[in-house]
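Here is a set of questions and answers on one protein assembly. Please keep the sequence and the 3D view open while reading.

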Amino acid sequence: MSVDFESEFPLLGDVISRSLNRTTIPSTSISSGPPSTTIRATNFDGKTLYLRRKPATSARRKLAVATQGRHVGNLLEMPFHKMMEQLSEDKARELSRELDQPDHALAATVGSDSSLWVDRYRPRTFTDLMGNDRVAREALEWLKQWDKCVFGKTSQGKKRKRDGEEENYDVNDPHQRPKQRILLLSGPPGLAGYEVMEINARPIVDDRIRPTLETGYTVKSTKPVLIIIDEIDGATGAGDNSNTFVHKLVQLTQDKPQKKNRNQSGDKRTILRPIICICNDINASSLTKLRPHAAQLRFQKPADIHTVKRLREICAIEGLKAETRALSTLVAVAKGDLRGCLNTLQFIRSRNEEVTESVVRKSTKGMKEADNSVISALNSLFTPMSKKRAKELGLNDEAEARYVERLSHEIDACGKDSAVAVGCFSHYVTLRRHDANFSRYEKANEWLMTFDSFSSAMYNDGEFALSPYLAYTLVPFYPLFQERGAPRVERSQEDWDNLQLTKTNEEIYKSLNRCLQAASTRHGGDYRHLANWPILQLELAPFINRIISPQLRPINGQHVRPDERVLMNRLVDIMSNLELRFIQERLEDGQLTYRLDPSSDLALSRYAVRHLVAQEVDARVTSRHTDIVEKGTTGKHASFFRGAKGKSSSGDLADEDVLRPPPGKRPRTDAFVADDIADRPPTDFFGRLILASTDNKKSKSNARASNRSSTTNASTSPPKFNIAYKYKEGNSAAVRKPVKVSSFL
Amino acid sequence: MSLWVDQYRPRSLEDLHYHQELSTRLKSLASSGDFPHMLFYGPSGAGKKTRITCTLRQLFGPGVEKLKIDQRVFLSPSKRKLEINVVQSNFHIEITPSEAGNYDRVVIQELLKEIAQTQQVDLSAKQRFKVVIINEADSLSRDAQAALRRTMEKYMSNMRIILCANSTSRLIAPIKSRCLLMRVAAPSAEDMQTVMQHVSRRVGFDLPPDVASKIIDDSGGNLRKAILCLEALKMQSPDLSGSLTIAKPDWETYCQKVADLIISEQTPARVMEVRQKFYELLSHCIPPTVILKTVADRVVERVDEAIKADVMHWAAVYEVRMRTGSKKIYHLEAWVVKVMSLYKHFFYGMDFD
Amino acid sequence: MASSFFKPQAQNAQNTKSAEKHADPSLQPWVEKYRPKTIDDVSAQDHTVAVLRKTLTSTNLPHMLFYGPPGTGKTSTILALARQLFGPDNFRSRVLELNASDERGISIVRDKVKNFARQTPRAQAVSSDGKEYPCPPYKIIILDEADSMTQDAQGALRRIMETYARITRFCLVCNYVTRIIEPLTSRCSKFRFTPLDHSSSSTRIAHIASEEGIHLESPAVDALITTSAGDLRRAITYLQSAHRLSSSTEPAIPITHRDIQEIAGVVPDNVINDFAQTLGIELDTGMQVDGMGKPGFDRIRNKVRNIIREGYSSTQILAQLHDIVILHPTLNGKQKSKCALIFAEVDKALCDGADEELWILEVALRVHKAIA
């Protein structure tokens with residue numbers, strides 16, 4: 001065992017991991033650029049070096065600067081190599097010291113023959129990584145951003161100690177936690193796993209994520225933890241639980257910003273540790289929720305030449321004779337999957353064979369199916385196999401022409417036939433556009449429909465005997481559409497987006513439905529016949545949109561012609577009955593607008609009308625429940641509203657229903673009881689009577705609007721008194737900027 | 001105040017404007033004491049529910065209009081929670097079991113059993129039985145219908161069921177034979193004219209007959225739609241004068257745009273464009289069958305007589321496939337491609353012969 | 001429900017319930033009220049009745065499988081037989097009846113059916129009405145609507161049938177014998193029930209009408225029989241509904257054949273004939289369709305729209321149109337067979353829940369094309 005180890009090319013990974021585990025000798029890795037001016041490095045002798053650097057903003061530049069600062073040259077690899085050399089010497093020295101102690105780390109790394117090569121040659125540090133320098137550095141960069149949060153708050157002395165233990169980084173790092181709290185690493189199999197384990201080795205890793213996440217943040221008190229969740233794209237397979245797992249993860253990250261805003265950094269219940277997720281397929285459906293919240297890094301497969309080089313090194317260590325040609329064949333067949341290559345090599349080694357091309361061919365049968373993502377299946381459906389690839393797999397022309405089995409296999413192997421079908425559907429229209437009589441398209445659609453009837457028979461009616469045929473229904477896309485040099489298939493989000501949108505709209509209709517039913521209890525069942533499913537979207541929804549947007553002139557509350565007044569009253573009646581509201585919102589360009597709630601309508605015009613109507617509706621609703629408590633704090637009301645909003649058809653009897661205030665309603669500070677604005681003496685924002693001059697009124701209504709909007713703001717973030725009153729005078733946009741109330745006081 | 005549709009909805013059998021014969025029948029049945037299970041069927045907007053409510057009032061008096069909504073929770077066999085809204089008064093209960101999707105059988109069984117086993121407590125009630133109204137009965141699964149069949153016999157003594165469906169085709173024969181069938185045909189144009197004049201009189205304005213008939217033409221025998229449309233129109237242009245455009249619902253206009261797109265150009269790019277629009281429509285919860293029908297109707301209006309039948313034929317074929325399939329968009333697009341191809345073949349017929 | 005079948009309280013409850021039923025005969029469906037009391041009362045199934053009559057005397061009964069279209073007396077026959085074998089007192093303890101509405105998954109077969117099957121029949125109680133019943137030493141389990149049982153449940157039944165053959169007889173009742181698994185059918189002696197012919201239905205209906213004191217015109221009887229198509233249960237139900245309608249008005253109006261048709265959901269003849277003529281089928285109705293000309297697409301479409309608006313059931317339209325075309329005197333065989341294919345296709349589509357308007361239009365257009 002030790003002999004084996006001695007002869008082995010000294011791996012930096014071993015050195016560092018061992019030093020980490022033993023926590024006696026601090027190790028150094030100057031692999032990335034910590035964002036600061038100096039880098040503190042401690043070598044194996046315990047000597048501390050400071051490497052000077054210029055401050056930089058972007059990760060890439062930082063690195064470049066760092067290397068320049070050290071006068072080693074522009075090439076990134078160079079310093080690493082030097083470091084490695086230095087370290088390997090160090091290690092040799094150190095080894096002699098260490099070997100006489102029983103060492104678990106050694107046992108693990110210095111594998112006996114039984115250990116898998118994959119494990120044995122797993123990179124231990126960042127520097128062991130092949131290819132992907134940039135990506136790996138970005139990952140490290142991201143991790144570095146945590147430093148402040150993870151280590152920054154501990155006392156100075158402790159921190160130093162940890163410095164030594166964990167890694168080397170700059171104390172003065174001014175960065176906050178990164179915005180995205182989860183790092184999502186993705187890449188084809190055989191690549192990702194490799195890359196990440198390296199990060200794995202640095203801080204202490206807790207594999208048991210779930211307990212960690214669920215028991216709260218107890219880990220915080222212990223040593224810094226980096227959570228790594230491997231194969232997170234497999235989370236769907238485990239059923240509901242894992243879905244909630246991803247969901248939980250997202251929640252964990254989402255809760256954070258809010259709490260943090262409120263309570264700058266004193267809040268103890270935030271994630272203070274980085275989370276890294278690893279997946280093969282970044283588009284996996286289970287990850288959809290996670291994606292927006294995570295910093296994403298995609299690993300490309302390293303250039304074959306790097307892989308071959310690495311394999312040769314390993315062969316040398318293992319004493320395996322290998323032809324370079326054979327190795328490159330191996331890499332080509334495996335499509336760069338290093339893990340697969342290593343397994344094959346070990347297999348060959350176990351039979352004491354030399355690595356020749358024929359042996360490689362023999363032992364890689366079946367390996368070609370390793371790559372099985374949806375995208376790759378789609379790509380092979382729409383583009384013919386390249387000559388090179390065919391050669392790599394050792395297929396002759398005839399075998400290549402027999403595509404049905406190959407393709408159906410591939411579709412089967414990726415296991416998501418409906419995703420492949422959606423892919424086909426979204427992609428086929430972009431191909432063969434010069435087909436004059438659409439015959440290809442017709443055929444394609446025919447097959448798609450066959451697929452659909454099969455799969456729905458399968459999933460809806462439980463006819464699982466059909467499943468072997470599913471893949472074949474998609475194969476015809478190959479003869480129909482394959483084209484050399486066709487654009488590569490990109491995952492289309494269209495279908496998914498549509499699904500999401502449908503769900504949102506369904507929710508809107510549901511809430512409208514609830515409103516209708518609630519209204520029906522008040523009116524002897526009046527609205528309930530409109531609440532049924534197809535009637536709702538087909539008849540009620542379009543017409544109600546029209547009914548509540550009459551042709552009123554933009555006017556203000558005091559100047560309403562009698563006929564319009566009638567119209568208006570009716571409108572307000574209907575809206576208040578249906579619990580429809582105009583909710584004030586601010587558009588991106590800062591213009592105020594009213595949105596109909598609950599419903600999505602397109603018309604943004606006629607602000608003034610909506611404004612007026614919104615006021616009246618509120619007035620009407622308010623008048624309905626004047627008998628409820630008048631004096632309540634705004635905050636109390638706000639929470640009350642929010643509570644009520646959720647269950648707007650809780651099934652109370654009619655009278656109780658009426659008492660329910662609408663969401664975001666203005667506070668009852670000024671008595672807004674009168675049914676009709678026209679009958680009421682005009683008041684300004686503070687409740688004082690004002691003269692009925694048009695200008696004033698305008699400002700009044702504006703003020704009222706701002707009042708409303710501000711209280712809405714207040715209700716979303718209750719306790720802090722950072723209510724911003726918007727005071728507007730005239731039409732100039734210049735004065736329409738938010739002003740804090742504190743600036744008046 | 002309610003929408004006109006509701007506000008001027010007839011409350012009693014005497015107030016109904018059309019199908020007088022049916023009204024008298026219902027009236028005599030309600031007063032005879034031998035009230036059977038009933039099945040009301042007819043197209044949407046013909047007045048089935050209005051008639052049901054009127055019948056209930058005839059049976060129980062105005063008490064049936066005191067409604068409350070209950071949210072009931074049922075457990076599906078796989079322990080999933082199903083939330084169903086139940087509208088009820090002291091005398092009747094109204095459910096829409098299609099809300100429960102595949103588990104409607106559970107809802108039907110549980111709910112009916114519970115109702116059947118509670119006696120009418122109100123001693124002053126006119127009838128000894130309670131009435132259960134099942135809306136959208138034609139969307140009941142076969143399982144649920146089978147369950148209903150037994151229940152209908154078992155609990156005849158203290159419960160009556162009124163089914164409301166658009167068509168009897170999807171109901172199993174045993175259910176049909178256990179119910180008294182009541183066909184409610186869509187009102188004729190004259191009937192609708194009467195009703196709309198009546199509504200306008202009640203509201204207090206004059207409805208020019210030609211405006212009314214325009215609305216009626218658009219409504220396709222759906223009185224509810226017509227009255228909603230009337231109200232929208234009145235809101236939009238209160239004086240009902242000048243050149244009025246009877247606005248169609250947004251989705252209808254949108255469907256017509258899609259049809260125009262299909263007719264005007266037949267290219268893959270256009271297929272993509274149409275697909276986008278279909279996605280849009282589907283995401284607004286417009287039933288795919290309705291989309292297909294509306295678009296097909298419009299396409300048929302604009303193409304040559306020779307291929308009209310084919311367009312409709314393929315619409316029918318793809319519609320039924322769409323029903324059995326699960327990805328509606330595939331079938332919609334397949335139809336579009338088919339129609340485009342038909343259209344091209346028709347125009348360049350010689351080139352392809 | 002049936003699990004409490006054996007508890008005495010449940011029996012009492014059942015008894016009171018049935019007593020209640022008898023107290024209010026107007027509520028009782030006539031189908032139940034006029035169910036045959038003995039197998040000799042069963043209409044029209046002479047062959048079956050003859051065979052079964054023998055079993056009454058021999059006390060030996062095979063497992064039985066009754067199949068045939070609905071309303072032909074299958075359930076009535078086995079109930080009547082059981083009643084004659086055991087008498088009213090033993091009936092409850094000796095007969096178990098399960099139908100499709102009851103849960104009949106494999107678990108029910110395993111538990112309930114098996115439990116009942118393996119009980120040794122109790123000794124014959126002295127019958128209360130003084131009559132003598134053969135009361136053979138076995139029990140009868142009636143599985144009504146057996147074709148809707150799952151394959152698994154049927155499989156489970158197989159073993160039970162054999163194991164307890166000594167003390168239990170099974171009677172499977174179904175519409176489609178093909179849906180019963182082969183091992184079960186081979187264990188049973190099969191009885192086919194044929195649709196009732198005109199005369200036996202009319203006798204039965206006349207009997208009921210006279211019992212209920214209804215005056216029925218002969219066109220009304222004909223309407224009943226044709227709309228029910230040999231299904232006596234439907235005929236009786238329609239009669240009861242029609243009676244309800246007619247008797248609810250004061251004074252009672254006589255039942256017309258139009259009433260029956262409306263109750264049965266049948267499309268009136270003039271509507272369907274008009275439709276057929278629009279499609280280009282020539283009918284000798286004496287009614288002249290004006291402005292006939294060439295029936296174009298729009299004309300057909302408007303016609304279909306109107307029919308759908310009237311709310312008629314599409315399956316009914318299809319069935320009636322089918323009759324018109326197939327029985328048409330002048331259309332040739334090729335045209336008819338083309339149409340028949342179309343009807344079959346449309347029927348399938350309607351079964352799958354297709355949109356009615358689209359498919360009625362489809363059938364109209366294609367029939368029109370086939371005939372032209």
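Q: What percentage of the contacts in chain A with a separation of 6 or more comes from residues 24 or more positions apart?
A: The model is predicted, so to speak of local features pLDDT must be at least 70, side-chain atom pairs count only at pLDDT 80 or more, and totals for chains, interfaces and linings use all residues. Residues are numbered from 1 along each chain as its sequence is written, chains are lettered from A and ligands numbered from 1 in the order in which they are written, and side-chain values use heavy atoms, with hydrogens and water left out. A contact means heavy atoms within 4.5 Å. In chain A, with separations of 6 or more, the share from residues 24 or more positions apart is 69%.

Q: How many helices and strands does the secondary structure of chain A hold?
A: Helices (H or I, at least four residues) and strands (E, at least two) are DSSP runs, numbered from the N terminus. For chain A the tally is 31 helices and 11 strands.

Q: What percentage of the residues of chain B is buried?
A: Buried means under 20% relative accessible area, exposed over 50%, and partly exposed in between (1.4 Å probe, protein chains only). Chain A has 745 residues, and 52% of them count as buried. Chain B has 353 residues, and its buried part is 62%.

Q: How much area do chain B and chain A bury between them?
A: The size of an interface is often given as the accessible area lost when the parts come together. Here buried area is the accessible area (1.4 Å probe) that two parts lose on being put together, summed over both. The interface brings 71 residues of chain B into contact with 65 residues of chain A. Carbon and sulfur atoms carry 57% of the buried area, which comes to about 6,500 Å².

Q: Which residue of chain B forms a salt bridge with Glu442(A)?
A: A salt bridge is a side-chain nitrogen of Lys or Arg within 4 Å of a carboxyl oxygen of Asp or Glu. Chain B and chain A have 4 salt bridges between them. In one of them, the closest N and O atoms are 2.9 Å apart, and the partner of Glu442(A) is Lys338(B).

Q: Which helix gives the most residues to the side of chain B that touches chain A?
A: The interface holds 15 residue pairs in polar contact, both at pLDDT 80 or more. A polar contact is a pair of N or O atoms within 3.5 Å; within protein, one must be able to donate a hydrogen and the other to accept it, and residues adjacent in sequence count only if both atoms are side-chain atoms. On the chain B side, the top contributor gives 11 residues and spans residues 328-347: helix α14.

Q: Is Glu231(B) buried or exposed?
A: Glu231(B) sits in helix α9 (residues 223-236) of chain B. Beyond its neighbours within four places in sequence, Glu231(B) is in contact with Ile547(A), Arg570(A), Ile574(A), Leu3(B) and Trp4(B). Its relative accessible area is 1%, so Glu231(B) is buried.

Q: Which residue's backbone nitrogen does the side chain of Glu231(B) reach?
A: Glu231(B) has contacts in both chains, including Ile547(A) and Leu3(B). The side chain of Glu231(B) comes to 3.0 Å from the backbone nitrogen of Trp4(B).

Q: Which residue of chain B meets Glu357(C) in a salt bridge?
A: The rule finds 8 salt bridges across the interface of chain B and chain C. One of them spans 3.3 Å, N to O, and joins Glu357(C) to Lys293(B).

Q: Which element gives the largest share of the side of chain B that touches chain C?
A: The interface has 20 residue pairs in polar contact, both at pLDDT 80 or more. Elements giving two or more residues to this side of chain B include α2 (20-32), α12 (288-302) and α13 (305-324). The largest share is 12 residues, from α13(B).

Q: Is Glu136(B) buried or exposed?
A: Glu136(B) lies in the loop between β5 (130-134) and α5 of chain B. Its phi is positive, about 50 degrees, although it is not a glycine. Its relative accessibility is 18%, so Glu136(B) counts as buried.
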